[in-house]
Amino acid sequence: MSDEVRAAERPATFHEVFGNREFRAVFLAFGLSWFGDYLAKAAVTALVYQRTESVALSAATFALSYLPWVVGGPVLSALADRYPYRTVMIVCDVVRMALMALVALPAMPVEGMLVLLFLTSLAAPPSQAAKAAVLPLMLTGDRLVVALAVSSSSGQAMQIGGYLAGAGLAPFFPRLALLINAATFGISALLIRWGVRHRPAPVTNAGRHLVRETAEGFRLVFGTPVLRAIAVMVFGLMLFAVAPEGLAAAWAADLTSDPAKRGISQGIIMAATPVGFILGGLVIGRLVGPTRRQRLVRPFAVLAPLSLAPALLEPPLIGVALMSAVCGFAVAGLMPTANGLFVQALPPGYRARAYGVMQSGVQVLQGVAVLSTGLLADVFTVPSVVGTWSLVGAVAMIVLTIWWPSPQRFAAAIAAVDPGPDPDAAGQPAGAAPVAAESTEAAQARDQARRPTAAL
């Protein structure tokens, strides 16, 4: 094996990733925002369940943050390709900071809080799309994949802290959680302003229609075989892995008769999946090479929902936490690899729009999963709902893995993208593949990767 191939097989180091000043700023900014978001989400979810004792209403409150992706996520994400990415992220943070401050007003009724929370969530699609689009301009190759893994793991860490803090604050200081959320958005805007350099918008606004641009994103994702395969795999994974978090409040009530301990149980259930995700992201992202990561996609796709099937046995709290942690580990083993392949196979001018398509699908399906399992749990027991839902998911993921593309098809699709170099990306093209050279088999497959087909 040549030194060039060995270098391609070596995972990127954390030093290489965090050595990039811009990535450090984005990493810190979005970590703070995630913490504030989950803090507010856990507090509001627990508050609604305490007042109504309805699993369905509690689940609906949890699913509220998914709604903006349903009503306009792809269109809002397409805005990020029209304006400089840094500007989009800053404006979204400032808007959310102001709205969250209004939510925290003492005289604000619960109905008004929910409306303002929905409006705040509308800024999430363009902000997250801008971040997803700018990262490949900062980091390339396996550094990008490791950066995605680290970002996802840190997001899960912030989710753990947010869920635990939110569940703890909800019975006593729910509005304090909302003020903390507003503050995190303000700090995030400052970090982006001073830590990320200005880049011009990737596309021009002249003579273009936002809806048409959004439709182009859908056509690209679902008309390109490898992108469609990633989209369907990720959508299926998210549909069947979110049940423990969405039903955490009701599951905790079943497991804990003492109301004083119910919030702790809810926090443990909601935090278990992110804990597993952090471990999986760090272990798989840092210690496993790029080629082996791709080989692990299929087994991890099946393991994620299958790990929750033992819920049918009605395990105690520790068992629920362990199942959820294994699920999170499996998701973390798959997602950064899928995200890295997806981003590198996209033309630069489509990254924000394609992200909007993906994230909208993820949010919609997670919302559907939470609402569906919540309604079912009002009729059947929570463990039976989670276990059956997960068994169905395992079967579905087995079917999807059959049509998962080969590494050569992914390499060909990445090689077909020629975005041009970014001067701040260490002299490498922004969409460079994490391979040293294109194989003969990949070259032969390139034409096939360019043509939409009916297969995944």
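Residues are numbered from 1 along each chain as its sequence is written, and side-chain values use heavy atoms, with hydrogens and water left out. Because the model is predicted, local features need pLDDT of at least 70 and side-chain atom pairs count only at pLDDT 80 or more, while totals for chains, interfaces and linings use all residues.

Start with the overall picture. The protein chain has 22 helices and zero strands; both are DSSP runs numbered from the N terminus, with helices (H or I) of at least four residues and strands (E) of at least two. Of its 456 residues, 58% count as buried, where buried means under 20% relative accessible area, exposed means over 50%, and partly exposed is in between (1.4 Å probe, protein chains only). Among contacts (heavy atoms within 4.5 Å) between residues at least 6 apart in sequence, 86% join residues at least 24 apart.

Now to the inside. A nonpolar core here is a set of buried Ala, Val, Leu, Ile, Met, Phe, Trp, Tyr and Cys residues joined through side-chain atoms within 4.5 Å. The largest one holds 96 residues, and Val331 and Leu334 have the most contacts inside it. Helix H18 (residues 317-344) gives the most to this core, contributing 12 residues. Leaving out residues up to four places away in sequence, Val331 touches Leu237, Met238, Ala241, Phe277, Ala304 and Pro336. Apart from this core lies another of 13 residues, among them Ala40, Leu178, Ala182 and Phe185.

Aromatic rings come next. Rings of Phe, Tyr and Trp (its six-membered ring) pair if their centres lie within 6.5 Å; planes under 30 degrees apart count as stacked, over 60 as edge-to-face and the rest as tilted. A search of the whole structure turns up eight such pairs. One of them joins Phe18 and Phe27, edge-to-face, at 5.0 Å centre to centre and with 90° between the planes. Phe18 is partly exposed, at 27% relative accessibility, and Phe18, Phe23 and Phe27 make up one aromatic cluster. The pair of Phe240 and Trp389 is tilted, because the ring centres are 5.7 Å apart and the planes sit at 50°. Phe240 belongs to helix H12 (residues 225-241) and Trp389 to helix H20 (residues 382-402), so this pair ties together parts that are 149 residues apart in sequence. Both partners are tucked away: Phe240 is buried at 9% relative accessible area, and Trp389 is buried at 18%.

Two rings also have a charge over them, meaning that NZ of Lys or CZ of Arg is within 6 Å of the ring centre and within 35 degrees of the ring normal. Lys131 lies over the face of Phe30, 4.9 Å from the ring centre, and Arg193 lies over the face of Trp194, at 4.4 Å.

As for cysteines, the search finds zero disulfides (pairs of cysteine sulfur atoms within 2.5 Å) in the whole structure. Cys92 is buried at 8% relative accessibility, and Cys327 is buried at 1%.

Glu314, in the loop between helix H17 (297-306) and H18, has a phi near 55°, a positive value in a residue other than glycine. Glu314 is exposed, with a relative accessible area of 55%. Leu164 lies in helix H9 (residues 141-169) and is partly exposed at 43% relative accessibility. The C-alpha atoms of Leu164 and Ile264 are separated by 7.6 Å, although these residues are 100 apart along the chain. Not counting residues up to four places away in sequence, Leu164 touches Gly267, Ile268 and Ala271. Ser121, in helix H7 (residues 110-121), is buried at 15% relative accessibility. Setting aside neighbours within four places in sequence, Ser121 is in contact with Ser65 and Pro68.
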